[in-house]
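Visitor: Please show me one part of this protein up close, in plain words.

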Amino acid sequence: METVEILRQLAIIIIFAKVFGIIFRKARAPQVAGEIIAGLIIGPSLLAWVNPSQLLSGMAEIGVIMLMFNAGLGTNIKDLKKSGFKATLIACAGVFIPLIAGTILFMCFYGFDSFGSENFYRAVYIGTILTATSVSITVQALKELGKLSSFVGTTITSAAIIDDVIGIIVLTVVIGFKDPSSDILKVVVHTVLFFVFALIFGLLFHKVFKLFEKKYNHTRRIPIIGLTLAFSMSYIASHFFNVADITGAYIAGVILCSTKDSAYISRKMDINSYMLFGPIFFASIGLQTNVRSVDTSMLLFSIGFVLVGMVSKVLGCGAMARLCRFNRSDSLKIGCGMMTRGEVALIVAQRGLAAGLLQESFFTAVILLIIISSVTTPILLKLLYAKEQSQGAASTETQSIKTLPEADAASKA
């Protein structure tokens with residue numbers, strides 16, 4: 001791709017993403033939803049002014065890494081420790097319920113075959129696609145609402161990270177049905193080793209960073225070191241342990257979240273993320289989707305797939321959150337926050353195609369799920385938090401009205 005063409009595409013992405021982000025914000029909807037819609041409009045689905053490329057995919061990947069690093073920086077360690085066990089249970093429910101629901105959905109359309117048959121494995125793989133969670137969209141939505149560092153926000157982020165790890169293990173097991181060379185034990189060992197490495201390295205790096213922070217407090221060197229750590233941890237996670245790079249980025253943020261300059265680093269990351277890499281990442285979700293290629297013969301199954309995919313996450317994660325003693329409102333937020341599907345679902349679908357467990361026609365359902373869940377999740381979260389705030393305001397007003405007679409009586413006395 002020529003440099004001039006790259007510049008043209010970047011200019012189109014940034015201006016459209018920002019304009020639609022502002023339009024959605026004015027309409028009291030999350031900006032991230034507007035940026036995704038912008039990608040749909042300028043991409044192959046409609047105007048075809050911008051086509052997905054390796055360069056744009058790389059920049060989008062940088063965008064999601066910076067976003068997850070920022071999420072880690074905003075993490076409250078006490079809340080993370082407190083939510084760790086609960087987040088694990090929520091993640092397990094968020095994998096198990098969609099897996100079962102997706103399998104049953106496929107069988108309802110294509111027949112209930114016996115265990116071990118080709119059709120049974122395909123049914124299980126449809127369920128496997130539904131186990132994926134795209135935490136990046138939810139993180140941005142919570143960030144816009146100012147709720148990312150809350151206990152609910154920390155729980156959602158932690159659960160989504162754990163969900164990805166469990167999802168990879170499930171994917172390896174299901175692929176193993178067709179490919180005996182897939183080693184489930186190897187995946188589990190690599191995952192455990194990564195977290196052991198992250199713990200030991202994190203403690204050492206944290207101590208060294210605090211010494212460096214004392215000498216160069218609040219200087220530009222601090223965020224540069226932070227960004228280097230984010231990229232390094234992302235690379236190490238992906239290259240050496242086969243763990244998602246966004247997990248490494250989030251861990252890097254957690255390593256630095258309790259330092260004095262964590263807020264300063266976060267602000268510096270926000271500048272680059274807001275201006276360039278963030279819009280490219282969210283617009284790329286729309287760019288990677290071509291509605292024109294939708295297979296209309298799969299429309300009925302696709303509608304069922306989208307509904308089952310979204311509802312099963314809300315029910316699975318929300319019900320488990322309720323069992324973990326979250327109130328109804330917070331349980332619903334957690335369920336909705338875990339509902340998004342993004343690039344992870346697409347990658348799982350592509351792996352299934354390569355393994356012969358999925359036909360290309362089923363990509364219609366996956367694409368629709370990604371777009372609909374990516375747009376509706378931020379909107380639902382905003383509505384839930386707005387409802388909570390209005391109820392809180394109404395409760396305060398009622399309480400103040402009740403105290404008026406008492407105040408009048410006191411003044412008369």
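Guide: Leaving aside residues up to four places away in sequence, Ser273 touches Met66, Gly278 and Pro279 (contact means heavy atoms within 4.5 Å). Bear in mind that this is a predicted model, in which local features need pLDDT of at least 70, side-chain atom pairs count only at pLDDT 80 or more, and totals for chains, interfaces and linings use all residues. Residues are numbered from 1 along each chain as its sequence is written, and side-chain values use heavy atoms, with hydrogens and water left out.

Ser273 belongs to helix 11, residues 262–287 (helices are DSSP runs of H or I with at least four residues, numbered from the N terminus). With a relative accessible area of 8%, Ser273 is buried (under 20%, with a 1.4 Å probe and protein chains only).

Now look at another pair of helices. Helix 2 (residues 31–42) and helix 6 (residues 135–145) have axes that come within 9 Å and cross at roughly 135 degrees (axes are lines fitted to C-alpha atoms over the stretch in contact, and angles run from 0 to 180 degrees between N-to-C directions).

Which residues of helix 2 meet helix 6? They are Gln31, Val32 and Ile36, and their partners in helix 6 are Ile137, Gln140 and Glu144.

Note on methods:
Helix = DSSP H or I, 4+ residues; strand = E, 2+ residues; numbered from the N terminus. Buried < 20%, exposed > 50% of the residue type's maximum accessible area, 1.4 Å probe, protein only.
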